[in-house]
Amino acid sequence: MQNTLTSGETNNNGPAFPRVERQRLHDTVVEHLQNLIIEGVLAPGMKLNEREVCERLGISRTPLREAMKVLASEGLIDIEPNRGAFVSKMSDTEIWEAFEMMSGLEALSGELAAERISPAEIAEIKALHDAMIVCRAQNDLPGYYSRNQTIHNKINEAARNSVLRQIYLSINRRLLALRFKSNFKESKWDRAIHEHDEMIQALEARDGKRLAAILRQHLLDKRDSVMADVREAAERAAAARK
């Protein structure tokens with residue numbers, strides 16, 4: 001529950017709770033909502049019922065509204081005056097263009113990372129890859145996806161380029177839910193694992209051009225998979241309306 005005391009205030013039981021607790025609550029709520037959106041619990045276009053979300057997370061409306069402002073700034077939800085907050089829904093064109101841009105950002109990340117990554121960072125990525133394979137064997141999609149995304153994130157960090165980092169994070173936030181859903185079919189899991197094997201081999205060989213090509217095609221394939229899923233969903237919806 002949110003602390004309503006500010007620093008410098010006291011109550012009958014002693015000094016006020018430190019402000020950092022409120023910040024932790026804020027960050028936790030943001031993280032929870034992000035995960036609910038990524039995993040499709042809060043689907044694109046869904047209206048966020050504040051009372052239901054507060055009950056589910058066990059919080060008051062103030063930290064929820066603060067978190068929704070953060071998510072709105074990241075493009076994950078839309079806040080409409082007099083209507084409320086809705087999970088953002090990307091158009092087909094927006095999805096296509098975002099993945100197209102992301103493929104270039106991932107490629108550049110790979111090319112720079114191959115030059116600048118440390119042996120310790122490569123070892124960390126390999127450990128994440130091994131853990132990802134274990135998740136695949138256990139059909140643990142959230143665990144698999146989390147490690148998958150962390151690998152891509154680590155490669156981007158290893159590029160050592162702050163401007164690239166900012167743009168990468170901004171665009172990737174909007175694609176996380178779509179990237180998660182694209183792994184629902186087991187054949188896509190296995191293909192992704194094979195591609196990640198190739199990424200690690202290129203990293204270890206410090207072959208930036210090869211890694212860039214693998215990452216670019218990896219994202220373009222992801223785009224095509226997502227677009228196919230979007231078309232299938234639209235066809236099912238159209239059939240249901242008949």
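Predicted model: local features only at pLDDT ≥ 70, side-chain atom pairs only at ≥ 80, totals over all residues.

I began with the words: helices (H or I, at least four residues) and strands (E, at least two) are DSSP runs, numbered from the N terminus. With those, I read the pattern along the sequence as β-β-α-α-α-β-β-α-α-α-α-α-α. That gives nine helices and four strands in the chain.

Residues are numbered from 1 along each chain as its sequence is written, and side-chain values use heavy atoms, with hydrogens and water left out.

**Whole chain.** I looked up burial, where buried means under 20% relative accessible area, exposed over 50%, and partly exposed in between (1.4 Å probe, protein chains only). Of the 242 residues in the chain, 42% are buried. Next came contacts, meaning heavy atoms within 4.5 Å. Among contacts with a separation of 6 or more, 71% join residues 24 or more positions apart.

**Helix α6.** I found that α6 (141-158) has 18 residues and reaches 26 Å from its first C-alpha to its last. The expected span is 1.5 Å times one less than the number of residues, and here that is also 26 Å. Its buried residues include Tyr144, Asn148, Ile151 and Ile155.

I then checked both ends of α6. At its start, a side-chain oxygen of Asp140 comes within 3.0 Å of the backbone nitrogen of Gly143. This is a polar contact (a pair of N or O atoms within 3.5 Å; within protein, one must be able to donate a hydrogen and the other to accept it, and residues adjacent in sequence count only if both atoms are side-chain atoms). Just after α6, Arg160 has a positive phi of about 55°.

**Ser88.** Where does Ser88 lie? I found Ser88 in the loop between β4 (84-87) and α4. Ser88 counts as buried because its relative accessibility is 11%. A polar atom of its side chain lies 3.1 Å from the backbone oxygen of Gly75, and one lies 3.2 Å from the backbone nitrogen of Ile77.

**Glu195.** I moved on to helix α8 (residues 186-204), which holds Glu195. Is Glu195 buried or exposed? Glu195 is buried, because its relative accessible area is 11%. Beyond four places in sequence, Glu195 touches Ile214, His218 and Asp221.
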